[in-house]
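Subject: Structure handover

Hi,

Here is the structure I promised to pass on. Please open it next to this email and follow along.

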Amino acid sequence: LTFVRVALLEPNLISGAQCAAGLFFYLMHCVVGKELIQLTPERMKSFCYSIHICSLVFMILNATYATDLVSFAAMQPFLATGRIAQLGFLDKSVKIPFDILYALVDIGIFIVVFEVRDSTSISFMLMSELTFTLANIFASCVLELWVRARVVATLQTADAESLVSSFRRMLRGVCDGE
(Lines give C-alpha, C1' and ligand atoms only; values in the text may rest on other atoms or scores of the structure.)
Protein backbone atom coordinates (compact mmCIF):
# COMPACT_ATOMS: atom_id res chain seq x y z
CA LEU A 1 0.00 0.00 0.00
CA THR A 2 3.03 2.25 -0.02
CA PHE A 3 2.49 2.92 -3.71
CA VAL A 4 -1.11 4.02 -3.11
CA ARG A 5 0.09 6.47 -0.46
CA VAL A 6 2.80 7.84 -2.75
CA ALA A 7 0.32 8.16 -5.63
CA LEU A 8 -2.06 10.14 -3.42
CA LEU A 9 0.59 12.35 -1.82
CA GLU A 10 2.71 12.96 -4.92
CA PRO A 11 0.39 12.63 -7.90
CA ASN A 12 2.30 12.29 -11.15
CA LEU A 13 2.45 9.87 -14.06
CA ILE A 14 5.14 7.62 -12.57
CA SER A 15 3.55 7.23 -9.13
CA GLY A 16 0.13 6.66 -10.73
CA ALA A 17 1.57 3.95 -12.99
CA GLN A 18 3.33 2.31 -10.03
CA CYS A 19 0.06 2.35 -8.09
CA ALA A 20 -1.81 0.84 -11.05
CA ALA A 21 0.80 -1.92 -11.44
CA GLY A 22 0.65 -2.76 -7.73
CA LEU A 23 -3.15 -2.83 -7.74
CA PHE A 24 -3.09 -5.02 -10.86
CA PHE A 25 -0.89 -7.55 -9.02
CA TYR A 26 -3.26 -7.50 -6.07
CA LEU A 27 -6.36 -7.84 -8.25
CA MET A 28 -4.95 -10.82 -10.14
CA HIS A 29 -4.07 -12.63 -6.93
CA CYS A 30 -7.50 -11.90 -5.42
CA VAL A 31 -9.34 -13.13 -8.51
CA VAL A 32 -7.38 -16.38 -8.57
CA GLY A 33 -7.41 -16.78 -4.77
CA LYS A 34 -11.19 -16.34 -4.53
CA GLU A 35 -11.60 -18.78 -7.46
CA LEU A 36 -13.52 -16.26 -9.54
CA ILE A 37 -11.57 -17.59 -12.53
CA GLN A 38 -11.07 -21.31 -13.07
CA LEU A 39 -7.40 -21.96 -13.74
CA THR A 40 -6.61 -24.04 -16.78
CA PRO A 41 -3.07 -24.62 -18.04
CA GLU A 42 -3.55 -21.91 -20.68
CA ARG A 43 -4.94 -19.42 -18.16
CA MET A 44 -2.13 -20.21 -15.73
CA LYS A 45 0.45 -19.57 -18.43
CA SER A 46 -1.23 -16.27 -19.37
CA PHE A 47 -1.36 -15.40 -15.64
CA CYS A 48 2.41 -16.01 -15.41
CA TYR A 49 3.03 -13.92 -18.54
CA SER A 50 0.99 -11.04 -17.15
CA ILE A 51 2.80 -11.17 -13.79
CA HIS A 52 6.20 -11.13 -15.52
CA ILE A 53 5.24 -8.32 -17.91
CA CYS A 54 3.86 -6.28 -15.03
CA SER A 55 7.08 -6.91 -13.09
CA LEU A 56 9.15 -5.62 -16.00
CA VAL A 57 6.99 -2.51 -16.24
CA PHE A 58 7.34 -2.09 -12.48
CA MET A 59 11.15 -2.33 -12.72
CA ILE A 60 11.33 0.27 -15.49
CA LEU A 61 8.92 2.61 -13.69
CA ASN A 62 10.94 2.38 -10.49
CA ALA A 63 14.11 3.24 -12.39
CA THR A 64 12.51 6.28 -14.00
CA TYR A 65 11.08 7.36 -10.63
CA ALA A 66 14.55 7.29 -9.06
CA THR A 67 15.74 10.88 -9.09
CA ASP A 68 18.93 10.07 -7.24
CA LEU A 69 20.93 7.06 -6.12
CA VAL A 70 19.30 6.93 -2.68
CA SER A 71 15.77 6.54 -4.07
CA PHE A 72 17.05 4.00 -6.60
CA ALA A 73 18.74 1.98 -3.86
CA ALA A 74 15.62 2.19 -1.69
CA MET A 75 13.61 0.32 -4.36
CA GLN A 76 16.08 -2.54 -4.73
CA PRO A 77 14.74 -4.65 -1.82
CA PHE A 78 11.26 -4.56 -3.37
CA LEU A 79 12.60 -5.62 -6.76
CA ALA A 80 14.78 -8.38 -5.29
CA THR A 81 11.88 -9.70 -3.22
CA GLY A 82 9.69 -9.76 -6.32
CA ARG A 83 12.26 -11.69 -8.32
CA ILE A 84 12.73 -14.24 -5.55
CA ALA A 85 8.95 -14.57 -5.11
CA GLN A 86 8.69 -15.44 -8.79
CA LEU A 87 10.52 -18.69 -8.14
CA GLY A 88 7.08 -20.12 -7.48
CA PHE A 89 6.17 -19.87 -11.17
CA LEU A 90 7.50 -23.23 -12.24
CA ASP A 91 6.90 -23.14 -15.99
CA LYS A 92 10.42 -23.08 -17.44
CA SER A 93 9.19 -22.02 -20.87
CA VAL A 94 7.94 -18.77 -19.31
CA LYS A 95 10.41 -18.29 -16.47
CA ILE A 96 13.78 -18.65 -18.22
CA PRO A 97 13.19 -16.06 -21.00
CA PHE A 98 11.84 -13.57 -18.48
CA ASP A 99 14.80 -14.13 -16.12
CA ILE A 100 17.13 -13.25 -19.00
CA LEU A 101 14.99 -10.23 -19.83
CA TYR A 102 15.06 -9.11 -16.18
CA ALA A 103 18.86 -9.30 -16.21
CA LEU A 104 19.07 -7.24 -19.40
CA VAL A 105 16.70 -4.61 -18.00
CA ASP A 106 18.70 -4.49 -14.74
CA ILE A 107 21.92 -3.96 -16.66
CA GLY A 108 20.33 -1.26 -18.81
CA ILE A 109 18.93 0.51 -15.77
CA PHE A 110 22.31 0.30 -14.04
CA ILE A 111 24.07 1.90 -17.00
CA VAL A 112 21.41 4.62 -17.47
CA VAL A 113 20.74 5.55 -13.82
CA PHE A 114 24.32 5.37 -12.61
CA GLU A 115 25.69 6.72 -15.90
CA VAL A 116 28.49 4.19 -15.79
CA ARG A 117 30.92 4.15 -18.68
CA ASP A 118 34.00 2.38 -17.30
CA SER A 119 34.52 -1.26 -18.19
CA THR A 120 35.33 -2.41 -14.62
CA SER A 121 31.95 -1.38 -13.22
CA ILE A 122 30.08 -2.75 -16.21
CA SER A 123 31.93 -6.09 -16.04
CA PHE A 124 31.19 -6.34 -12.31
CA MET A 125 27.49 -5.67 -12.98
CA LEU A 126 27.45 -8.21 -15.81
CA MET A 127 29.01 -10.89 -13.60
CA SER A 128 26.68 -10.20 -10.67
CA GLU A 129 23.61 -10.26 -12.93
CA LEU A 130 24.80 -13.42 -14.65
CA THR A 131 25.37 -15.11 -11.29
CA PHE A 132 22.00 -14.03 -9.91
CA THR A 133 20.16 -15.02 -13.10
CA LEU A 134 21.80 -18.44 -13.30
CA ALA A 135 21.10 -19.07 -9.61
CA ASN A 136 17.48 -18.03 -10.10
CA ILE A 137 17.07 -20.29 -13.15
CA PHE A 138 18.78 -23.18 -11.36
CA ALA A 139 16.56 -22.79 -8.28
CA SER A 140 13.45 -22.64 -10.44
CA CYS A 141 14.44 -25.78 -12.35
CA VAL A 142 15.23 -27.66 -9.14
CA LEU A 143 11.88 -26.63 -7.63
CA GLU A 144 10.05 -27.82 -10.73
CA LEU A 145 11.94 -31.12 -10.64
CA TRP A 146 11.06 -31.64 -6.96
CA VAL A 147 7.39 -30.82 -7.50
CA ARG A 148 7.14 -33.18 -10.48
CA ALA A 149 8.93 -35.94 -8.57
CA ARG A 150 6.55 -35.47 -5.64
CA VAL A 151 3.49 -35.73 -7.90
CA VAL A 152 4.87 -38.86 -9.58
CA ALA A 153 5.70 -40.41 -6.20
CA THR A 154 2.21 -39.63 -4.91
CA LEU A 155 0.61 -41.24 -7.95
CA GLN A 156 2.75 -44.36 -7.63
CA THR A 157 1.67 -45.25 -4.10
CA ALA A 158 -0.48 -48.27 -3.28
CA ASP A 159 -3.47 -46.04 -2.54
CA ALA A 160 -3.25 -44.37 -5.92
CA GLU A 161 -2.88 -47.76 -7.65
CA SER A 162 -5.90 -49.19 -5.85
CA LEU A 163 -7.92 -46.09 -6.72
CA VAL A 164 -6.97 -46.37 -10.40
CA SER A 165 -7.72 -50.10 -10.47
CA SER A 166 -11.10 -49.47 -8.80
CA PHE A 167 -11.96 -46.92 -11.47
CA ARG A 168 -10.92 -49.38 -14.18
CA ARG A 169 -13.11 -52.13 -12.70
CA MET A 170 -16.03 -49.73 -12.42
CA LEU A 171 -15.62 -48.52 -16.00
CA ARG A 172 -15.35 -52.12 -17.28
CA GLY A 173 -18.55 -52.91 -15.42
CA VAL A 174 -20.31 -49.89 -16.91
CA CYS A 175 -19.08 -50.74 -20.41
CA ASP A 176 -20.08 -54.41 -20.02
CA GLY A 177 -23.51 -53.42 -18.71
CA GLU A 178 -23.11 -54.82 -15.21
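Below is what I found, going from the whole chain down to single side chains.

**Ground rules**

This is a predicted model, in which local features need pLDDT of at least 70 and side-chain atom pairs count only at pLDDT 80 or more, while totals for chains, interfaces and linings use all residues. Residues are numbered from 1 along each chain as its sequence is written, and side-chain values use heavy atoms, with hydrogens and water left out.

**The whole protein**

The protein has 7 helices and 0 strands. Its pattern along the sequence is α-α-α-α-α-α-α. Helices here are DSSP runs of H or I with at least four residues, strands are runs of E with at least two, and both are numbered from the N terminus.

Of the 178 residues, 29% are buried. Buried means under 20% relative accessible area, exposed means over 50%, and partly exposed is in between (1.4 Å probe, protein chains only). The accessible surface comes to about 11,900 Å². Carbon and sulfur atoms hold 71% of that surface. Areas come from the Shrake-Rupley method with a 1.4 Å probe, and for residues only the protein chains shown count as cover.

Now the contacts (heavy atoms within 4.5 Å). Among those with a separation of 6 or more, 64% join residues 24 or more positions apart.

**Helix H5**

Start with H5, residues 92-114. It has 23 residues. From first C-alpha to last it reaches 32 Å, close to the 33 Å expected at 1.5 Å a residue. The expected span is 1.5 Å times one less than the number of residues.

Which residues of H5 are buried? They are Val94, Lys95, Phe98, Asp99, Tyr102, Ala103, Val105, Asp106, Ile107, Ile109 and Phe110. Just after H5, Glu115 takes a positive phi of about 50°.

**Salt bridges**

A salt bridge here is a side-chain nitrogen of Lys or Arg within 4 Å of a carboxyl oxygen of Asp or Glu. By this rule there are 3.

One of them joins Glu144 and Lys92, at 3.9 Å from N to O. Glu144 lies in helix H6 (residues 119-155) and Lys92 in H5, so this pair ties together parts that are 52 residues apart in sequence. Glu144 is buried, at 8% relative accessibility. Lys92 is partly exposed, at 38%.

Glu144 also meets Arg148, at 2.9 Å from N to O. These two are 4 residues apart in H6, about one helical turn. Arg148 is exposed, at 54% relative accessibility. Together, Lys92, Glu144 and Arg148 are linked in a network of salt bridges.

Another bridge pairs Asp99 with Lys95, with their closest N and O atoms 3.0 Å apart. Both lie in H5, 4 residues apart, about one turn of the helix. Asp99 has 0% relative accessibility and counts as buried. Lys95 is buried as well, with a relative accessible area of 0%.

**Aromatic rings**

A pair of aromatic rings is described by the distance of the centres and the angle of the planes. Rings of Phe, Tyr and Trp (its six-membered ring) pair if their centres lie within 6.5 Å; planes under 30 degrees apart are stacked, over 60 edge-to-face, and the rest tilted.

How many aromatic pairs are there? The count is 2. The rings of Tyr49 and Phe98 have centres 5.9 Å apart and planes at 65°, so this pair is edge-to-face. Tyr49 lies in helix H3 (residues 41-65) and Phe98 in H5, so the pair ties together parts that are 49 residues apart in sequence. Is Tyr49 buried or partly exposed? Tyr49 is partly exposed, at 35%, and Phe98 is buried, at 9%.

Phe98 also pairs with Tyr102. That pair is tilted, with 6.4 Å between centres and 45° between the planes. Phe98 and Tyr102 are both in H5, 4 residues apart, about one turn of the helix. Both are buried.

**A surface patch**

Last, the outside. Leu36, Ile37, Leu39 and Met44 form a nonpolar patch on the surface. Together they have about 360 Å² of accessible area. Patches are made of residues with over 30% relative accessible area and no salt bridge; like charges are joined within 9 Å, and nonpolar side chains (Val, Leu, Ile, Met, Phe, Trp, Tyr) within 5 Å. Met44 lies in H3. Met44 is partly exposed, at 31%.

Best wishes
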